[in-house]
Amino acid sequence: MSASTPAVSPWNLPNALTLLRIAMVPVYGVLLLTDGGTRTDLRWWAVGVFTLAMLTDRLDGEIARAKGLVTDFGKVADPIADKTLTGMGLVGLSMIGALWWWVTIIVLVREVGVTVLRFAVLRYGVIPASRGGKLKTTLQAVGLGLLTAPLGPPWWWAAVAVMAAAVVVTIVTGVDYVGRARRLMAQRSAPADTSP
């Protein structure tokens, strides 16, 4: 960063939206889990909170890039907020019997694994989010939103189909991240060519 370029303050709208999303996670969890998920009215409120939280995820990134408000805090807090929200959705839905535990375990293992991997290779460089990763996030959001809603069989099967696609993309992108991390480490570890 040049001396003439002022540092971007972390006290900005995108980061405020990220913090709001984190604050909405326990609200969503309480609405979903009350009375074992049997309260239809609260389940619909949970859908509303989850949808609003996912909208803040889209908004904060767009505002940060458009207004030049990207900060180190945002780079760290944003994925934490995303994974906390989806993690609450996965675990909560499994707790009330709306989602198989094996799906939750596969997705969470991948999410935690990729997060640890990205931090582990930071000294070699940053692994940016891929298009597959963004598709994965979208599929998870739609699937979790549909499963949170107290809907009947046609919509439930649609939610299952979306979550099945999300699991496939989750696994494929997880493998892709491992490959990209290995290539990044190999590139940075290779000795420089000093031949004339």
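Visitor: Is R110 buried or exposed, and what is its relative accessible area?

Guide: Some conventions come first: the model is predicted, so local features need pLDDT of at least 70 and side-chain atom pairs count only at pLDDT 80 or more, while totals for chains, interfaces and linings use all residues. Residues are numbered from 1 along each chain as its sequence is written, and side-chain values use heavy atoms, with hydrogens and water left out. Buried means under 20% relative accessible area, exposed over 50%, and partly exposed in between, for a 1.4 Å probe and protein chains only. R110 is buried, with a relative accessible area of 10%.

Visitor: With which residue does R110 form a salt bridge?

Guide: A salt bridge is a side-chain nitrogen of Lys or Arg within 4 Å of a carboxyl oxygen of Asp or Glu. R110 forms one with E111, the closest N and O atoms being 3.2 Å apart. E111 is buried, with a relative accessible area of 6%.

Visitor: How many salt bridges does the structure hold, and which residues are linked in a network?

Guide: The structure holds eleven salt bridges. R21, D57, D60, D78 and D82 are linked in a network of them. Within it, the closest N and O atoms of D57 and R21 are 3.5 Å apart. D57 is in helix α2 and R21 in helix α1, 36 residues apart; helices are DSSP runs (H or I, at least four residues), numbered from the N terminus. D60 also bridges to R21, at 2.9 Å between the closest N and O atoms. Because D60 lies in α2 and R21 in α1, this pair ties together parts that are 39 residues apart in sequence. D57 and R21 are buried, and D60 is buried as well.

Visitor: How is the packing of two helices described?

Guide: Two packed helices are described by the angle between their axes and the distance between the axes. Axes are lines fitted to C-alpha atoms over the stretch in contact, and angles run from 0 to 180 degrees between N-to-C directions. Helix α3 (residues 72-95) and helix α4 (residues 101-120) pack at about 160°, with axes 9 Å apart. The two are therefore roughly antiparallel, a term for angles over 145 degrees.

Visitor: Which residues of α3 and α4 meet?

Guide: Contact means heavy atoms within 4.5 Å. K83, G87, L90, V91, S94 and M95 in α3 meet W101, T104, V107, L108, E111 and T115 in α4.

How values were computed
Parallel < 35°, antiparallel > 145°, perpendicular 65-115°, else oblique.
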